[in-house]
Structure formats: C-alpha cells, structure tokens
Amino acid sequence: MEEREISQAVIRRLPRYYRYLGELLENGVERISSNDLSKRMKVTASQIRQDLNNFGGFGQQGYGYNVKYLYTEIGKILGLEQHHNIIIIGAGNLGQALANYADFEKRGFILKGIFDVNPTLADVSIRGVPVRMMDELEQFVRENDIEIGVLTIPKTKAVEVANNLVNNGVRAIWNFAHIDLNLPENVIVENVHLSESLMRLSYNISRYHEEHKESK
Ligand code: NAI
C-alpha cells in the first residue's frame, strides 16, 4: 500500500470504524455497503467512503466492503496486530480501574506492571499483576521492553515520572494527569481528559435546551 500521511481527524475516527466492523464480524456479516455502515454509525456514506479511500479504498462499487479485510487493515493501521507492553504508574482509583479492564489485552496491550509509591499497596495484585514499588521501576522498564507508560498519578509528579520513563526507553505515554508533559518529539503522548468529554456533554445539554426553548 502506498504510504500516505493520514490526517489526525481520520485517525480519530478509525477506532470507531474498527469497533463497528468488529461487531459486524461477530454477527457473521461478511460484506457491508457504505450506505448500511452509514446508517449504523450515523456518519454520512460519503464521509465513510472518503475516510476509507485513504487506505486505497477497500470497497468495490456496488459490492460493498469486505468486513473482515477492512477490519484487519484498520487494525494494522492502528498498530493493533502488534503487542504493546504497558505499565501503569499510580495504582489508585483510576490506575486500578484501568488495570482491571481486561479488554485492553484483546487489542494487544499487555499489562506487564503496576507501580506506586504507597507501601500499603505492595501486597496488592490486580488480575495477577503485582503492584511494585517505584524503586524497581527503572530496571523493570529496561528489562521488560516496556513501550507505553500510563500515568495515573497526581499532576505534580507526572513530569518527573514521565521523564524517568522516557530516559529508560519508554516510547509512548498515555497521560491521565492534568498537566502537559513537554517530552522530546520522538515520544508519543496521548492525553486523556474525561472532564473535557464531560464539558462537551455539558455544552451539548445547554445547546439542546436552548434550541428546544426556542422551538416551544
Ligand atoms: P488516587 O489518589 O486514587 O491515586 C493516585 C495514586 O498515585 C496513589 O495510589 C498514589 O500513591 C500514587 N502516587 C503518588 N505519587 C506517585 C509517584 N511519584 N509515583 C508513583 N505513584 C504515585 O487518584 P486517582 O483518582 O486514581 O487519580 C489519579 C490521577 O489521575 C490524578 O492526577 C487525577 O487528577 C487524574 N485523573 C484524571 C482523569 C482524566 O480523565 N484524565 C480522571 C480521573 C483522575
């Protein structure tokens, strides 16, 4: 396939295509037209065609998309056919919730370790993965080919810990701490802020109420 720069907007939509196609596959659907996919996903058919054309257009006119092929190709584009070793730093509420979510493994994200500074957590294991103390971190990262560090620690500690991870070979950070990390350009950072999603929800609630007030 020709290497082309895919826009971040398309990349952001791919996981949703992947999820829908996965569900279709589970339900034994082999082919789907962009119109049918459009109805299910509530995205215009032309948007779907445009998005999927980025990858050389897997569809055939009048024949629809081969669900399995498309699912596999999108998975490859998202890098999901490879395994990614991950560790979670901060075994509090959020860190434990993430560690308990077994489905990440299905997507190839293998939880190798969980770290914290709180010695009362030293005896805790989550899905068989023990919580380790931070003094083991550097050696563990170097010896276990850790690619992704998940930060679920207070924001005051996040920068220091992120730098430490990167200095020991971690190449990507899934950052939940509410702070910008400013890491070297070759380190991939994905910030996740649930509160931003909640603010968008709040905005849409207000907008909905405004519109309905007007139409009364
Ligand atoms: P928590 O207080 O339950 O857990 C934090 C854990 O980090 C504790 O177990 C603590 O011992 C550990 N910790 C503190 N300093 C550390 C260090 N230097 N190294 C390793 N571990 C350390 O807090 P919670 O609710 O789990 O939140 C964790 C972080 O995630 C906070 O920064 C919070 O603001 C953020 N958060 C972000 C959300 C988002 O959507 N981005 C949603 C919820 C929380």
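Visitor: Which residues does UniProt list for "binding site"?

Guide: This is a predicted model. The unreviewed UniProt entry lists G90, A91, G92, N93, L94 and G95 under "binding site".

Visitor: Which residues around the ligand come nearest?

Guide: The ligand has 21 residues around it, and L94, D116, I153, V192 and L194 come nearest.

Visitor: How does one read the polar atoms at the ligand?

Guide: One looks for pairs of N or O atoms within 3.5 Å. An oxygen atom of the ligand lies 2.7 Å from a backbone N or O atom of I153. A polar backbone atom of V192 is 2.6 Å from a nitrogen atom of the ligand, and a polar backbone atom of L194 is 2.6 Å from an oxygen atom of the ligand. The ligand taken alone exposes 850 Å², of which the protein buries 73%. Two or more residues of the shell come from each of the elements α5 (93–100) and α8 (155–167).

Visitor: Is L94 buried, exposed or partly exposed, and which class holds for G95?

Guide: Buried means under 20% relative accessible area, and exposed means over 50%. L94, in helix α5, has 36% relative accessibility and therefore counts as partly exposed. G95 is also found in helix α5; its relative accessible area is 1%, so G95 is buried.

Visitor: What do L94 and G95 touch, leaving aside residues up to four places away in sequence?

Guide: L94 touches T152 and F176, whereas G95 is in contact with I88, G90 and T152.

How values were computed. Residues numbered from 1 in each chain as written. Predicted model: local features only at pLDDT ≥ 70, side-chain atom pairs only at ≥ 80, totals over all residues. Heavy atoms only, no water. Near = heavy atom within 4 Å. Polar contact = N/O pair within 3.5 Å; in protein donor to acceptor, adjacent residues only side chain to side chain. Areas by Shrake-Rupley, 256 points an atom, 1.4 Å probe, with all protein chains shown as cover. Helix = DSSP H or I, 4+ residues; strand = E, 2+ residues; numbered from the N terminus. UniProt positions renumbered as here; feature names shortened; annotations may be inferred. Buried < 20%, exposed > 50% of the residue type's maximum accessible area, 1.4 Å probe, protein only. Contact = heavy atoms within 4.5 Å.
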